[in-house]
4 protein chains.
Amino acid sequence: MMNEGKQKILEAARATIIEHGIQGTTLRGIAKKAGFSTGAIYHYYNSKEAILYDVMDEGLGEIRRIATVSIEDKKEAREIIQEIFDGMQDRLKKDAESRLQFYLAHEAMLGNVELQNKFKEKYEDWINRVEAIFVRAYGVERGPSTRAVAAWTMAAIDGMVLQTLLNVQVVESEHTNRILEYLLQDGFTHFFKIIGNEQR
Amino acid sequence: MMNEGKQKILEAARATIIEHGIQGTTLRGIAKKAGFSTGAIYHYYNSKEAILYDVMDEGLGEIRRIATVSIEDKKEAREIIQEIFDGMQDRLKKDAESRLQFYLAHEAMLGNVELQNKFKEKYEDWINRVEAIFVRAYGVERGPSTRAVAAWTMAAIDGMVLQTLLNVQVVESEHTNRILEYLLQDGFTHFFKIIGNEQR
Amino acid sequence: MMNEGKQKILEAARATIIEHGIQGTTLRGIAKKAGFSTGAIYHYYNSKEAILYDVMDEGLGEIRRIATVSIEDKKEAREIIQEIFDGMQDRLKKDAESRLQFYLAHEAMLGNVELQNKFKEKYEDWINRVEAIFVRAYGVERGPSTRAVAAWTMAAIDGMVLQTLLNVQVVESEHTNRILEYLLQDGFTHFFKIIGNEQR
Amino acid sequence: MMNEGKQKILEAARATIIEHGIQGTTLRGIAKKAGFSTGAIYHYYNSKEAILYDVMDEGLGEIRRIATVSIEDKKEAREIIQEIFDGMQDRLKKDAESRLQFYLAHEAMLGNVELQNKFKEKYEDWINRVEAIFVRAYGVERGPSTRAVAAWTMAAIDGMVLQTLLNVQVVESEHTNRILEYLLQDGFTHFFKIIGNEQR
DNA sequence: GATGAATGAGTTTTCATTCAT
DNA sequence: AATGAATGAAAACTCATTCAT
């Protein structure tokens, strides 16, 4: 079926991009990895660009799936925090996907508006989830400040992923993890207390 | 002089990269923007790669200059913190340079080991500065934890810059700035207290 | 039946050629327009060339049908001339068919000998008819000169059709039609008189 | 110089088109015939289409030059007519150029508006010349009718060229030439007399 | 018979690099 | 030093034709 071939091509394209970067990704390479002839690719996609677009699309979809912590869960604060931590840990490990993300970010910066919108969507979704968790876990009221804290949290994770991908091992992950744990358990509690007071 | 031509070429290359991305950067384009003929470029550089290498080199050097807060300064904690904040604000605004940074990061991820080392150097430098400031400003003892906090701080800034470059305006900068200010003034104070206790 | 499918394909091919030219005509395009799958085409024709050949064959066949004035008709000169005039008018209007003709002519010029022979046949047929009509209508004797006049007449019609297809509207058709009418009624009469005298 | 290369390419393109038709013309072929590498072509032209466009442009320009009979000439009627006749003869012989013309006509029919305009221009120019000559040679007054006769004259020439290019040798050129001569000497004289009378 | 996915040779196009002037 | 025309290998893309289902 059409979709099966598309899937193969997308998978091959994703793998090639991660391996060689977008510049190093040629149709020939994708075709070879997908087990197709060059021409066959054009049954599924009209241009290289179209393939890359779909890779981006799926790549960002993937991210959404990574956000495993559901807003609807009825769990204890402690438990939720553990899940966030695990989710973050998880993301720090998924090299390949993260790398793809940064490639896409790169592309988006080049002025690909559609991709920028996808990123906006994704960030909004993710920040919403984080905010909702904060609200329930720390008993704080939703407001611009909780949203901003959520945005900073996302930012910190992204930045740490970047450091990891860059092989910048300035600090042992053991320590960065402990800081994260402290933050989630006590840091935010105190933090939201301060913010809560200041807001009034 | 040799260096004058090199500088022109580098400037043109940087501008072209920011405008069209690394893929979209051709020698011809650089030559045109620099006001040289295609052939003339080869008097200054032996290959396109050599130019890109220097762009990266200078690009990352630039970052170091952005870190205006010197370790040796003998200022009040309050003042130092304000400087950090301003420095961060500043970086959030320098679109072009930041963009170049992310392109380079992209390239480094592709396995460019030399570039990775440059990034490592840069991060170590910067994290050192931030850590030193924390030590002085919050009166905490230097240790793996302060280093980890510094790394997370850097990560958060990087992540926020990324969101800015992606045009993801999920939260008004007014609010993210306030959170940053709170963090620097009260958050870290409390934070280092907890960590200090836990560390024992 | 085989022929039904062939007819559909031929019709689709003709339409596609008129729309996109011979270069722009792809098997896929023909198949789609004919409502067949790409592969199905090969049940009717062994190659694209075979299809084009049949299009040419039918295309030129069509022209023969356009020559409605039969040699055997026993009509008055006046009446015959009117018929010629109407036939020419007709041809000037049949854009699509004429266009196809010129495409085929184009192809024939490229050295397609078979097609050249078809054209020769067609012209011979047509010139014969026109000559026969001249003989009867103007009472002139058949000879190299009458044949040459017939050839020129055909040429003039072809050339005027070309001007029409090229959207060259240098002269209003009202005037070109009047000239044609004069020619048929008086011009040729006088003309053949002169030629008749000179021939002796 | 730039133009020298362009000229070589154009010449090679024209020759290739005449030899193989527009479809059979590949960049590789042009490059080879012009004595360039494939890549070199792109110094002069940004696309194959651009080359073809210039070929067309020059091709139609050529035609204008073929129209050697100048409107301003102060010659005897007899002499002028001879010139027309020679010019026509000439055109009937210039196989290559005429062939190119028909290729261009073909292209124009496909909807190339720019090319259509060029053709219009060319026909207007030519018909103007022929009309002017008629006016002087036959002492007839300029009007829609003389213009229409000029258009028909052009059409007849075009059509006869077409027959020649198609290798349709239905009539020996000896006879067609004689008819043309008669036409120019007596035919038109009588013809314009009739038309002149009718017009009143 | 019919389908449409697959082939692969051929086409246009790009671009870092070279080199005669 | 400087020019920019030229190179050629490699890229994206097209399409008539084949073939397993």
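Ala, Val, Leu, Ile, Met, Phe, Trp, Tyr, Cys and Pro count here as nonpolar, Asp, Glu, Lys and Arg as charged, and the others, Gly among them, as polar. By these classes, the surface near DNA strand E has nine nonpolar, 14 polar and five charged residues. This is a predicted model: local features need pLDDT of at least 70, side-chain atom pairs count only at pLDDT 80 or more, and totals for chains, interfaces and linings use all residues. Residues are numbered from 1 along each chain as its sequence is written, chains are lettered from A and ligands numbered from 1 in the order in which they are written, and side-chain values use heavy atoms, with hydrogens and water left out.

**DNA strand E**

- A residue is near the strand if one of its heavy atoms lies within 4 Å of it.
- Of the 28 residues around DNA strand E, those that come nearest are A:H43, A:Y44, B:L27, D:L27 and D:Y42.
- Sugar or phosphate accounts for 55% of the atoms of DNA strand E within 4 Å of the protein, and bases for the rest.
- Helices (DSSP runs of H or I, at least four residues, numbered from the N terminus) that each supply at least two residues of this surface include helix 3 (38-44) of chain A and helix 2 (27-34) of chain B.
- Helix 3 of chain C gives the largest share, five residues.

**Polar atoms at the DNA**

- An N or O atom in the side chain of A:H43 is 2.3 Å from a base nitrogen of DNA strand E.
- C:S37 places a polar side-chain atom 3.3 Å from a phosphate oxygen of DNA strand E.
- D:K48 uses a backbone N or O atom, 2.8 Å from a phosphate oxygen of DNA strand E.

**Chain A against chain B**

- The contact (heavy atoms within 4.5 Å) takes 56 residues from chain A and 58 residues from chain B.
- About 5,500 Å² is buried between the two chains, and carbon and sulfur atoms give 74% of that area. Buried area is the accessible area (1.4 Å probe) that two parts lose on being put together, summed over both.
- A:M109, A:W152 and A:L166 supply 16% of the area that chain A buries against chain B, more than any other three residues.
- Zero salt bridges are counted between chain A and chain B. A salt bridge is a side-chain nitrogen of Lys or Arg within 4 Å of a carboxyl oxygen of Asp or Glu.

**B:M160**

- B:M160 is found in helix 8 (residues 144-165) of chain B.

Note on methods: Polar contact = N/O pair within 3.5 Å; in protein donor to acceptor, adjacent residues only side chain to side chain.
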